[in-house]
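Hello,

Here is the structure I promised to pass on. Please open it first, then read my notes below.

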Amino acid sequence: MIILGVDPGSRLLGYGCIEKNGNQFKVIAHGTIHLFHKEYKDIPVDETTPSRLKEIHQKLGEVIQKYKPQAMAVEKVFFAKNAVSALKLGQARGVVLLAGALHDLEIYEYSATEVKGMITGHGRADKDHVAKMLQMIFGQQNFDTSDASDALSIALAHGLSMRSGVKQNAVKVAKPPSKKSRSLKSLAQSIKR
């Protein structure tokens with residue numbers, strides 16, 4: 001099974017893709033989608049938001065098409081002191097979830113403390129500790145940003161949660177009804193479930 005981990009952001013979006021084969025894990029790819037470009041420097045941030053959200057949709061869609069994951073694990077929303085930052089992160093997460101849903105991926109969410117706990121054994125570990133543990137597990141990795149290592153850790157956390165005997169801590173996002181059932185009756189029935 002191929003798992004895509006995503007660390008959403010409105011300026012930098014990390015992704016990490018692993019292959020799970022039994023209890024073995026192999027890194028397929030990781031990287032960062034840079035969303036705030038030099039030409040945006042003198043433009044108010046709010047005016048660049050639609051362009052950045054469109055870019056998330058396009059570039060993450062390309063990653064999904066290239067690596068063909070069956071599942072996507074995304075970092076859950078955290079509580080932020082800055083409401084504007086939290087709103088922008090929420091918008092980016094929404095586009096990430098939409099991209100996954102449009103590609104019919106199973107989507108799971110994990111909090112940062114759940115991921116850190118599964119990877120390092122301590123839910124309050126810092127980003128460097130998580131990256132070092134990933135290096136120990138997968139061997140030398142050249143992460144271009146901490147967003148890429150965070151995304152890879154999210155993918156691995158999902159893979160670890162799938163092992164037999166381990167309870168999945170994530171909430172699976174429900175898929176909409178298949179494209180074949182387009183009647184209002186079938187739509188209403190799917191909403192009631």
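A word on terms first: a helix here is a DSSP run of H or I with at least four residues, and helices are numbered from the N terminus. Please also keep in mind that this is a predicted model.

**Salt bridges**

I searched the whole structure and found 5 salt bridges.

Lys 59 and Glu 55 are both in helix H1, 4 residues apart, which is about one turn of the helix. Their side chains meet in a salt bridge, with 2.9 Å from N to O. An α-helix has 3.6 residues a turn, so residues three or four places apart point the same way. Lys 59 is partly exposed, at a relative accessible area of 33%. Glu 55 has 10%. That makes Glu 55 buried, because buried means under 20% relative accessible area.

Next, Lys 88 and Asp 46. The side chains form a salt bridge at 2.8 Å, N to O. This pair links distant parts of the chain, 42 residues apart. Lys 88 sits in helix H2 (residues 83–102), and Asp 46 sits in helix H1 (residues 45–67). Are the two partners buried or exposed? Lys 88 is buried, with a relative accessible area of 13%. Asp 46 is exposed, with 55%.

Then there is Lys 127 with Asp 150. Their side chains meet in a salt bridge at 2.3 Å, N to O. Lys 127 belongs to helix H4 and Asp 150 to helix H5, so the pair ties together parts that are 23 residues apart in sequence. Lys 127 counts as partly exposed, at 41% relative accessibility. Asp 150 counts as buried, at 8%.

**The largest pocket**

Lys 127 and Asp 150 turn up again here. The largest pocket has a volume of about 270 Å³. It is lined by 16 residues, and those closest to its centre are Glu 75, Ala 112, Lys 116, Lys 127 and Asp 150. Which elements give two or more residues to the lining? They are helix H3 (112–120), helix H4 (127–138) and H5. By type, the lining divides into 6 nonpolar, 3 polar and 7 charged residues.

**Helix H3**

Now look at H3 itself. Val 115, Ile 119 and Thr 120 are buried in this helix. They cover an arc of only 100 degrees around the axis, which puts them on the same side of H3. What covers these buried residues? The cover includes strand S5 (106–110), H4 and H5. Just after the helix comes Gly 121, with a positive phi of about 90 degrees.

**Ser 153**

Ser 153 counts as buried, because its relative accessibility is 3% and the cut-off for buried is under 20%. What does Ser 153 touch, apart from its neighbours within four places in sequence? It is in contact with Val 115, Ile 119, Val 130 and Leu 134.

Best wishes

Conventions. Residues are numbered from 1 along each chain as its sequence is written. This is a predicted model: local features need pLDDT of at least 70, side-chain atom pairs count only at pLDDT 80 or more; totals for chains, interfaces and linings use all residues. Side-chain values use heavy atoms; hydrogens and water are left out. Buried means under 20% relative accessible area, exposed over 50%, partly exposed in between (1.4 Å probe, protein chains only). Contact means heavy atoms within 4.5 Å. On a 1 Å grid over the protein atoms alone, a cavity is a set of points where a 1.4 Å probe fits but cannot get out, and a pocket is an open set with protein on both sides within 12 Å along at least five of seven lines; lining residues have an atom within 4 Å of a point. Grid points are joined across faces, edges and corners, and a volume is the space filled by probe spheres set on the points. Ala, Val, Leu, Ile, Met, Phe, Trp, Tyr, Cys and Pro count as nonpolar, Asp, Glu, Lys and Arg as charged, and the others, Gly among them, as polar. The arc is that of the directions from the helix axis to the C-beta atoms. A salt bridge is a side-chain nitrogen of Lys or Arg within 4 Å of a carboxyl oxygen of Asp or Glu.
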